[in-house]
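Look at the sequence and the structure before reading on.

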Amino acid sequence: MMDLGRKSTFLKSSVAGVALATVVALLCVIGPTQGAAQTAKGKQLLDELIAKVKKEGALDAAGISTLAPRKDLVIRAFLNRFGLKINFNFDVAGEESAEWSKMHASLAAGVPAEFDVYVGDDVKAEIALQAKRLQPVDNWQDLLAAVNPDVAAGRVKPNQVSFGPFEGYGFVFQGRVYGGLYNSKLISEKDRPRKLIDLANPKYKGKFPIAPFPTMWQYGPFVYPNKDEWLKIVGQIGQNAGAVLTFDAGSERVYLGEFALMPLATQSFYRVRDKDPKSPLRVWWPEDYVAMNDVLHAVPIRSRHPAGATLFTLWMTTPEALEIWQPELWNPNLRYPRSAFDNEVAKEVEGIKKKGGKVVSWFDNAQSKALLDWYGTKEGAEYRRKIVQAITQRK
Amino acid sequence: MEREATIGRYGWIGEGRGRLARFLGPQILPLSLSWIALSGVVALSLFVLYMTFVPGLPTDPGFTLDHWKEVARPFMLTEVLPNTTIVGVGTVLVVIFFACPLAWLLNRTTLPYRSFFIASIAVTVIVPGFVKSMGWILLVNERIGLINKWLASLLGVERVALGLSNTLGIAWVMGLMLTPTVFFLISGPMQTLDPSLEEAAVIAKANRRRMLLHVSLPLVWPAILGGSIYIFMTAISIFEVPALVGGGKVPVLATELFYSVHPTQLGEAASPPYGVAGVYGVFIAVPCLVALYFYHRVLARARNYEVITGKGYRPHLVDLGGFKYLGLAFVVLYLILAVVLPLLVLVWTSLLPLLQMPSLEAVSKVSLNNYRKALPALGGGLMIRNTVVLMVSVTVLALLFSFMTSWVVVRTRIRVRHAMDTIAMLPHAIPGLAFAFSLYMLGIMAFRYFSWEGLSGTLVVIVIAHVLERLAYGTRITNAALLQVHRELEECARVCRASGVATMWSIVVPLVKPSLVFAGVWTALQSYREVSVALFLGGSKNRVLSVAIWEMWRGGNQTLAAAGAVIMVAVMGLLLLAAISFAGSGILAQRRSSQMQSGSGAVVRP
């Protein structure tokens, strides 16, 4: 027979176990029920949205130019998913930055923008948001759950898709990670630079092209707080560069063997790897910092077909859409990784952090956001201009 | 009598029309049409200039000199302007070196396969400039150049330090690329040279060289000078060749323009500083205006160059005799450098999943996969339709306005005709991007104030931009062509009471038909391959093939873009060959007919 002390313990643990089991059982019942309630409301909202899209009858969406070979797949999949028979123009022949600029020009003049939905990085979206040129999606969380099964199932949280300042306005579907790449036939893993600042070393003179875009170099003061010193380093890197070429053009020349490496061109690495698994290109993660940004879809104000734009924006966040665009664009989604490729890059990024490297993006912490805001000031704009001059060696 | 006849024919309306017609003279049609086009040029040019003083969008208030300060810094004087000058002059020299002999060989001699060679030269225009640039990088590059490697193995050295990433290399590539422009410009006048002048030289015992230098060349000098000026202006406006071949390390005006307007993302609320583009436009326009001054001085002595007269005009071909093979070698050399090599690079690129140097390993990856995917990826039927409509409409309108403008410049004595000729050249002096932005803003304003969407995102706005841009080249051709037609032919027509339009259409146009055909072909090809304006003004509904191919290339799908470009080159090349063969056979028929009438089939044999 148990003594009283052991009996008490047994009772207490039994009661606790039953209580716990009850709570778990309740959660199992209530959880899905709660989700189902959201889905029902979301479904109703979705049905209404689809009806509006059909009434609008058309949609003009700007897409990323690299997606051109799969453009038709995107169009077909989107229309089939919602049973639509509208005139859907998915344009991938424009230049992203130029399209956003024209959007601003049109909206500033008081006329609708060319496209109903735009795609671009978080900085472009933030500028548009600050200028009050994006329109919010009403009941976006319910709609997102209705469109995106991962969100409905709780595998992805809504604020992973539309986060921070972009909540309800911009919806992330991929990201860009700016490491480098190198040609292993021309430079070994031992000899390649470790950090971005190593590119200022004379031994790398003429061995790499550099892209004329300042954005990724603008992260520098986040890691190297002395701005004058950073500018000097960037100037030396610019002097060492063998050519000034865009990411794709430069990566192509590295692949061809003209240059040994290229900083900040990781997305090109994955595309090349897909087309040539035996490619001599290797990825290189700078140990001082690796910049990242998110790519979103957003609907501008005065959109001619806002319902279609909203539906497309939400649909592009789905696993169905990812299966179409990712094998062409080869950009990872690190906000809510789902595919094997997402996980591969996420693992790489974790590895960088474990080694003490910094992975930076503008919207992940107050410090980097403050730096971004500083670039919006007169002093910051002048500094940015000097960065451009430094990397392109135009005085 | 004439007044009464006019009133009798038309009543009170006729009286008004008769007065107006008398007031304006027989030049009413060319005057009105030329002014429509030139007004557009003036309006857009002034808008571009206005942009240079506006801080933000043109619709925003404010005045600033910041754009000028941005551009006018020491770097411009020490590097940009000298580089630009060397590239411009170097390009002209390369072009003249190839274009003049080619034009003479293929239009004035009995060289065999002339139509095929002319079509081949035209085909080079279809191949995009960035493809040619990549081709030359693969051929001549210190690290990866095929020619470098071949020379190195020949000389037994490890590396041959020969490269194109300097001003002379850029001039070389651009010169090859732009040779067809001047070739077409002087081909028309070359074809219509009066051989009696050359016959006179032969009779005076001048050898072939003296005849060429002292008779033939001076007669086509206005066309050559006009072409040189045009090429200089073109060369300093092209961006992709210095950017790719020069590796972005040879700053010229065009690359500075590109970098200045490329949106830098951070901290800017809206559009990039298009005012800076306007300033660069002014910088590019200034040397153009200087060059035009000298051109007008040549034009002032126009009558000395008139060779198509009312008397016994019968163009003949020069029999090269034994020199035929040297002529063939020269033509073939140019075609290899400018046509065959870039096309080979294009085809090679189109057969691979990724662009790489030729090797056994690369050959194992060759396939036709890109051809299966190319056209749908580029946009399919809509893109093709837009491109065809653009090419046809731009060609017709550009030729019409060019001819009318040249008629006023060359055939009338109105005081402002030189100013009109200068205005016609302005679009070429101002960067296309600046013009495109002006049109874009006008389209927005038309929508805002008049709710008219005709100028926004439609083919119409691209057609307008292209027509105005092509006016510069079109008028060079039609100026040179009309200079060679003596006025006595029109005077005869007027004596016979033919109207101005009838004279123009029935007498002058047939005589300058070769020039018009060449101008039409060139205009269509340039419209087909033009990217920057069509890209900027492009929207969801007016995309054309050149833009789709460029964006696909720029976006990393070079091999797919190459496949699309090969298909277009093949189709355009066949159409071109057919067009030139048709035009060529028509001209040959005229020649044979006139020879039969005169009873003489002699060719000139110095």
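This is a predicted model: local features need pLDDT of at least 70, side-chain atom pairs count only at pLDDT 80 or more; totals for chains, interfaces and linings use all residues.

The term salt bridge is used when a side-chain nitrogen of Lys or Arg lies within 4 Å of a carboxyl oxygen of Asp or Glu. A:Asp248 sits in helix 10 (residues 247–256) of chain A and A:Arg271 in helix 11 (residues 266–275) of chain A, so the pair links distant parts of the chain, 23 residues apart. Helices here are DSSP runs of H or I with at least four residues, strands are runs of E with at least two, and both are numbered from the N terminus. Both A:Asp248 and A:Arg271 are buried; the word buried stands for under 20% relative accessible area, exposed for over 50%, and partly exposed for values in between (1.4 Å probe, protein chains only).

Residues are numbered from 1 along each chain as its sequence is written, and chains are lettered from A and ligands numbered from 1 in the order in which they are written.

## Other salt bridges

Side chains of opposite charge can pair when their charged atoms come close. Over all chains, a search of the whole structure finds 31 salt bridges.

One of them joins A:Asp191 and A:Lys190, at 4.0 Å from N to O. A:Asp191 is partly exposed, at 35% relative accessibility, and A:Lys190 is exposed, with a relative accessible area of 67%.

In chain B, the side chains of B:Glu256 and B:Arg73 meet in a salt bridge of 3.7 Å, N to O. This pair links distant parts of the chain, 183 residues apart: B:Glu256 is in helix 13 (residues 253–261) of chain B, and B:Arg73 is in the loop between helix 3 (66–71) and helix 4 (74–108) of chain B. B:Glu256 is buried, with a relative accessible area of 1%, and B:Arg73 is buried as well, at 14%.

## Where chain A meets chain B

How many residues does each chain bring to the contact? Chain A brings 68 residues and chain B brings 63, where contact means heavy atoms within 4.5 Å. The area buried between the two chains is about 5700 Å², and carbon and sulfur atoms give 54% of it. Buried area is the accessible area (1.4 Å probe) that two parts lose on being put together, summed over both. A:Lys102, A:Leu256 and A:Arg394 supply 11% of the area that chain A buries against chain B, more than any other three residues.

Across this interface the rule finds four salt bridges. In one of these, B:Arg543 meets A:Glu99 at 3.1 Å, N to O. Helix 3 (residues 96–108) of chain A gives the most to the side of chain A that touches chain B, with nine residues.

## Chain B as a whole

Chain B has 27 helices and zero strands. Of its 606 residues, 60% are buried. Among contacts in chain B between residues at least 6 apart in sequence, 78% join residues at least 24 apart.

Methods: Side-chain values use heavy atoms; hydrogens and water are left out.
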